Amino acid sequence: MRLITVILLLFTFKTAVLPGQDIVITVEVPSVVAVGEQIRLMYRVNTSGGELKEPPFEGFYKLSGPNTSYSMSTRIINGKITTETSYSYVYYLQATREGTYTIPPAVYEKGRKTYTSDEVIIEVVRDPSSKTPATTGNEKRGAETPAAGSDMFAKVLLSSREIYLGEAVVATVKYYTRVDISGVNEIKYPSFNGFMKEEIETPQPRSLVTENIDGVNYGTGVFQRFLLYPQRTGEITIDPVQISVLIRQRGGLSDPFFGDFFQTFNTVPRLVESDRTSIKVKPLPEGKPASFTGAVGTFDLKASLDKDTTAVNDALTLTVTISGQGNIKLTDAPVISFPSGLETYDPKTTTKVANRETGSSGNKIFEYLIIPRSAGTYTIPKIEWSFFNPAKNQYQTIASRPLSFHVLKSEGPPAAGPALYTPAPGEDIKYYGTDIRFIKSKIANFSKSGDKILSNRSFYAIYGFSLFAFITIVLLRRGQVKRNADRVKVLNRKAGRVATKRLGKASSYLAGSEYDAFYEEIMRALWGYTSDKLNIPLSELTARRAEEELNRRDTDMEIVQMLIELTEICEQVMYAPVSEASEPHAVYQKASRLIRTMEEKLN
Amino acid sequence: MKKIALLIIIITVAAASAFSADSNQERFAEGVGHYNNGEFSAAVEIWMDLFNSGVDNYELMYNIGNAWFKQNEIPQAILFYERAALRKAGDEDVKYNLQVARSFIKDKYDAIPEVFLVNWFNLAALSISSDSWALLSVVSFIIMLLTALLFLFSSSYKTKVTSFVFIFILFLLSAVSLIFSFRSRHLVYHNEHAIITAPVLTGRSSPSDSGTSLFVIHEGLKVKTGEMIGGWCEIRLPDGNKGWVQTDAFEKI
């Protein structure tokens, strides 16, 4: 308000400066109108040559405008000439909804100066003559109040107010009229945010269908039908549809002579707007099967192969057809687990859908190209596919039968050339997942911890004991060796005495001329002495052995020779007839001398 | 009389142990059955009972590791796989599963490689059990003593030389296997390594909550434990960093 006061002050100021040139914009409009009523808004400017910028007519639909007109009047009163110029801009508006609306000031520009009109406040009231018509028929659910008076209204009729996500709903844009419609200017369909929209082919109405609503007959016509697939859950609001129609109105009175035949008609534009409507979209229930890909409706699935038998590297086609009613355009291909050894490609998809009032129906064909890379019999396991059936309120899974085909070995590379033939490379082992290896199912023997050998004292005792045994054995053996050595010494010591004794015995035999006994005794003395002295057992004693032993002891060759000579003499005398050459006395002398020398040398 | 009493005691003990071995075998099989049916927690319960009663088999530990793994208890699984690996160094399944379990550890690090000699030494020590090494040591020691007797009392030169060489070899064998036996026992029963069981763990610079935070590690990591003070223990990470953590945040292998 303050702003306006300021502007008004400015105007008065300007008036003061430029008398007779003040520019005033006046507004003419009814302050109270009814819904659907056509109103005339006029801006009048008392000058020309400027430009009016129209304000936004919020809450109103502009039927036409601006229509401009110009008038000038000149008056001469008492010789004083006054010229009045008037430029008017006329808009025809139609109120669409009840309420109080403010049309902001219009701005008039002339030269560099701008002028503004007053703000206009218009109250829109309900048409007192209109009644809320109760809808009839099977479209009761789309209950809307008529937007533009009782003689004409439009509706967006929904086939259902509560649907599942992905389920189709039919929206019908329909008008009801009791007046003549000569044509349709413009239809602004709602944007249907949150839906996927499919238009259903609707023939333009040739003639109106009469429908009785609340005792009043209306001519009805369907502008357009849509199939809507909700894309999100929750309450979705559908914007109103705005239809601008041209209505024929009778102009003037009827001719008294020619009746209605020459009746003139005015064509008047008029806006018809439906109410906002909303729909509740429910999410799909829990428990989706694994093969569910988002299809809602009723479907059937078929799978077939184009041939049963093929050759390696020769392609064949698997066709999977999903047919039925529902959001078939939005469905995805079923997941097929092809056996290994087949090369497969992404399917070629063909969709044939017809939109009807009952929903979309048609089929979607997936064609998989399969190239077997090795020979054998393959089986494509059954193809499972799930959809949600909103009528039965449950998920349904359909499956095809498993399909088998034979792949024959190809007969060498094709003669056509190597272009198509790719030698099958060695196939790698395919690994599908990682998991830990399986448990051990058996234990050979249960051992307990804590009784480890190392922790046991007796373990170390084994070392000690065996070492002790070792030392004992060594010591015992040493003692034995020592005792043996002692016996040798004794014999050694006694050897001389024994020999002397035997020599004495020999000399007594010599005195008694018993020569055989004499030589025997000499022999014994010599051998016994050598055996004891050299530590050679008598049984092992030979001349040769004695010689070795004496040589080892580093004795004179003389002693050795003497010993050998003497034993030879004795043996000769003992085992041969008496030899003249032998002198018993000399033998005795020699023997005693030999023993003496050995006694000296060997000690 | 005394001898007879002793004999009776020995027989009863042997019979009791044989009986318990039988029941152990049964309980083990029971666990295998649970595992096969996918009842991993029941299998773990039975096997852990056996484990706690002192059964010391790598198969049992490997199975416990598997059952923990199936219940998504990765640190416990790693712990038992590590235990099994110490008892049977060459088992491929244990190695493989340990590797799989380790791939679930959050911490990635650049481990300081151990000196290869130490590695070889440990591997050699673990190749057979501590008991087997001890037995080998004792047997080779006794054979060595017998060879020594041969050396001492033989008069043949050839025998003496050969037996001397054998004495030398057997002595070395006995000594080395005794060392291996000790090493193996140390590695298996007194291992300094531990597996972190706390989901997230902060290593501090001193054994108290007021110590500066040095690093954050996650469950399943294998660390080396050191000095213990109060409820705190110094640990060494695989990358060589050291810090103090609470003793209840890990379990020794």
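**Aromatic contacts**

Modeller: Before we start, this is a predicted model. Phe60(A) is buried, and Tyr101(A) is buried too.

Colleague: How many aromatic pairs are there over all chains?

Modeller: The count comes to 35. One of the pairs is Phe60(A) with Tyr101(A), with ring centres 5.5 Å apart. Their planes stand at 65°, and over 60 degrees counts as edge-to-face, so this pair is edge-to-face.

Colleague: Where in chain A do those two sit?

Modeller: Phe60(A) is in strand β5, residues 60-77, and Tyr101(A) is in strand β7, residues 99-103. The two are 41 residues apart, so the pair links distant parts of the chain.

Colleague: Over to chain B. What do Phe151(B) and Phe164(B) form?

Modeller: A tilted aromatic pair, 5.8 Å centre to centre with 45° between the planes. Phe151(B) belongs to helix α7, residues 130-153, and Phe164(B) to helix α8, residues 157-189. They are 13 residues apart.

Colleague: Which residue lies over the face of Phe151(B)?

Modeller: Lys160(B), at 5.2 Å from the ring centre. In chain A, Lys282(A) lies over the face of Tyr164(A), at 4.3 Å from the ring centre.

Colleague: Last topic, clusters. Which residues do ring pairs link into a cluster?

Modeller: Phe438(A) is linked by ring pairs into a cluster with Phe28(B), Tyr35(B), Phe40(B) and Trp47(B).

How values were computed:
Residues are numbered from 1 along each chain as its sequence is written. Chains are lettered from A and ligands numbered from 1 in the order in which they are written. This is a predicted model: local features need pLDDT of at least 70, side-chain atom pairs count only at pLDDT 80 or more; totals for chains, interfaces and linings use all residues. Side-chain values use heavy atoms; hydrogens and water are left out. Rings of Phe, Tyr and Trp (its six-membered ring) pair if their centres lie within 6.5 Å; planes under 30 degrees apart count as stacked, over 60 as edge-to-face and the rest as tilted. Helices (H or I, at least four residues) and strands (E, at least two) are DSSP runs, numbered from the N terminus. Buried means under 20% relative accessible area, exposed over 50%, partly exposed in between (1.4 Å probe, protein chains only). A charge sits over a ring if NZ of Lys or CZ of Arg is within 6 Å of the ring centre and within 35 degrees of the ring normal.
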